[in-house]
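Biologist: Please take a close look at one part of this model for me. I would like to start with a single side chain and then see its wider setting.

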Amino acid sequence: MPSILQCMDCSQQYPVDKIIYNCEICGGLLDVQHDMDKLRHTITRETFDRRLGTLDAPYNSGVWRYKELVNPDVPDGLIVSRPEGNTNLYAVPKLAEWAGVAKLYLKHEGENPTGSFKDRGMTGGVTQARVLGVDRVACASTGNTSASLAAYAAWAGIEGIVFFQNKQIAFGKLAQAIAYGATAIQINADFDRNLALVREVAGALGIYVLNSINPFRLEGQKTIIIEAIQQLRWQVPDWIVCPGGNLGNSSAFGKALHELYEIGLIDRLPRLAIIQAEGASPLFNSFQRGFDRLEPIHAETIATAIKIGNPVSYPKAVRTIRWSDGVVEQVSDQEIMDAKALIDRQGIGCEPASACSLIGVRKLVDKGVIKSSETVVGILTGHILKDADSVIQYHNGTLENIHAQYPNHLHQSEASIEALSKILESRQPTHA
Ligand code: F0G
């Protein structure tokens with residue numbers, strides 16, 4: 001059976017070539033539903049292990065290696081791939097010790113072609129745009145989605161359109177969207193309003209929306225988890241920890257784990273922890289109240305990528321937490337920036353939102369939720385250079401309301417051996 005679109009609430013089905021983002025009957029979010037029976041009988045760990053290291057498209061992509069679980073029916077010739085994925089899973093013993101767990105791995109999604117995990121979703125979404133024959137794609141974005149959309153639209157030869165808020169957009173991301181040639185529009189509104197606007201405008205003008213409301217995006221993002229587990233030789237960690245903003249990733253992770261279990265590639269589910277910034281934590285608030293309902297908030301955080309107060313994938317994130325016996329935690333901007341400095345100092349680096357994963361582990365260990373004997377995979381979602389301003393300001397002490405715990409001050413020197421020696425001989429080693 002070919003894959004279909006299916007409402008997560010009322011199970012109403014639609015063909016995959018229909019442009020639709022919510023169920024026409026009940027308004028629920030849609031899943032791309034694959035033929036799980038067939039997959040159970042045809043896919044083994046071997047299927048995916050055999051493709052490791054291949055030079056041949058599309059299986060050289062860390063998304064399309066798992067094509068059967070992403071978009072099994074798409075002809076290879078239509079796939080728009082850079083190729084993405086194949087990101088490193090770093091064992092980080094020093095950070096494990098700091099966080100208080102036996103084993104910590106960081107999967108660095110900042111190593112994707114445009115520097116964030118969004119490329120995994122965008123290859124899925126822009127490929128589907130090609131299948132549908134559309135020539136314009138659009139998104140609202142806190143930055144990374146727009147950078148990725150702009151790149152993949154350019155690569156596919158179609159028009160990319162991106163809506164930004166006009167405040168607090170990290171420069172690296174803005175620069176990418178402009179450079180890749182998207183129609184880039186700054187709007188006097190926050191992300192949540194821009195998402196509503198893009199959906200309205202796109203509906204009126206026949207433009208295909210590539211925010212994570214688009215289920216083909218999430219099919220691509222599932223592969224973060226599939227690849228991480230394959231890198232662990234299919235041994236399931238105890239926990240997977242990731243930042244939560246619009247909750248597309250959280251949604252995709254739950255679906256990935258559910259499907260891997262259903263087709264027998266893993267024998268148990270890890271628990272998922274979603275970490276939000278304190279000023280942008282509507283999922284955390286709802287979790288505290290037993291997921292009674294989502295109460296949208298006005299979001300504020302230094303981690304601009306996740307400055308989102310009305311996450312569109314909320315119902316799917318709740319499903320993920322229920323499926324995986326998961327938890328939701330919140331962390332302060334101060335904690336985010338200090339954890340980021342520690343990740344950076346390992347020589348790995350990430351953008352602020354990504355650091356939620358590390359500080360989230362430490363906080364959950366302190367609370368006794370994650371046990372010190374457990375193995376944890378944290379997801380780093382974006383590259384350090386996405387938001388270089390925040391790095392410089394952290395280290396020179398000019399970030400508002402942040403007191404840097406791990407600063408590395410920039411020295412100024414005269415061009416003389418004497419002045420340089422003075423600095424180098426008085427300098428304390430700063431390695432962690
Ligand atoms: N980390 C980074 C670096 C992000 O860019 C985002 C989301 C997230 C985490 C949160 O992921 O939304 O799936 O919960 N950025 C979106 C954007 C919203 O527009 O680039 P999520």
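**A serine and its surroundings**

Modeller: At 3.2 Å, the side chain of serine 286 reaches the backbone oxygen of arginine 293. Keep in mind that this is a predicted model. Where does serine 286 lie? It is part of helix H12, which covers residues 282-288. Is serine 286 buried or exposed? Its relative accessibility is 0%. Buried means under 20%, so serine 286 counts as buried. Now look at what serine 286 touches. Leaving out residues up to four places away in sequence, its contacts are Phe291, Asp292, Arg293 and Tyr314.

Next, the ligand. There are 19 residues around the ligand. Which of them come nearest? They are Thr145, Gly245, Asn246, Leu247 and Thr381. Two helices each supply at least two residues of this shell: helix H6 (144-156) and helix H11 (248-262). Some polar atoms can be picked out. In the side chain of asparagine 144, an N or O atom is 2.8 Å from an oxygen atom of the ligand. For threonine 145, a backbone N or O atom lies 2.8 Å from an oxygen atom of the ligand. Alanine 305 has a polar backbone atom 3.5 Å from a nitrogen atom of the ligand. How much of the ligand does the protein bury? Taken alone, the ligand exposes 480 Å², and the protein buries 98% of that. The space that the ligand takes up is the largest cavity.

Helix H10 (residues 223-231) is another enclosed part. Eight of its nine residues are buried, so the rest of the structure largely encloses helix H10. The buried ones are Thr223, Ile224, Ile225, Ile226, Glu227, Ala228, Ile229 and Gln230. After H10 comes arginine 233, with a positive phi near 55 degrees.

Finish with valine 131, in helix H5 (residues 118-132). Its relative accessible area is 37%, so valine 131 is partly exposed. Compare serine 286, which is buried at 0%. Valine 131 touches Val74 and Leu78, not counting residues up to four places away in sequence. Isoleucine 79 is 52 residues from valine 131 along the chain, and the C-alpha atoms of the two are separated by 8.8 Å.

Conventions: Residues numbered from 1 in each chain as written. Predicted model: local features only at pLDDT ≥ 70, side-chain atom pairs only at ≥ 80, totals over all residues. Heavy atoms only, no water. Helix = DSSP H or I, 4+ residues; strand = E, 2+ residues; numbered from the N terminus. Buried < 20%, exposed > 50% of the residue type's maximum accessible area, 1.4 Å probe, protein only. Polar contact = N/O pair within 3.5 Å; in protein donor to acceptor, adjacent residues only side chain to side chain. Contact = heavy atoms within 4.5 Å. Near = heavy atom within 4 Å. Areas by Shrake-Rupley, 256 points an atom, 1.4 Å probe, with all protein chains shown as cover. 1 Å grid on protein atoms, 1.4 Å probe; cavity = no way out; pocket = protein on both sides within 12 Å on 5 of 7 lines; lining within 4 Å. Sits in = over half its atoms within 2 Å of the grid points.
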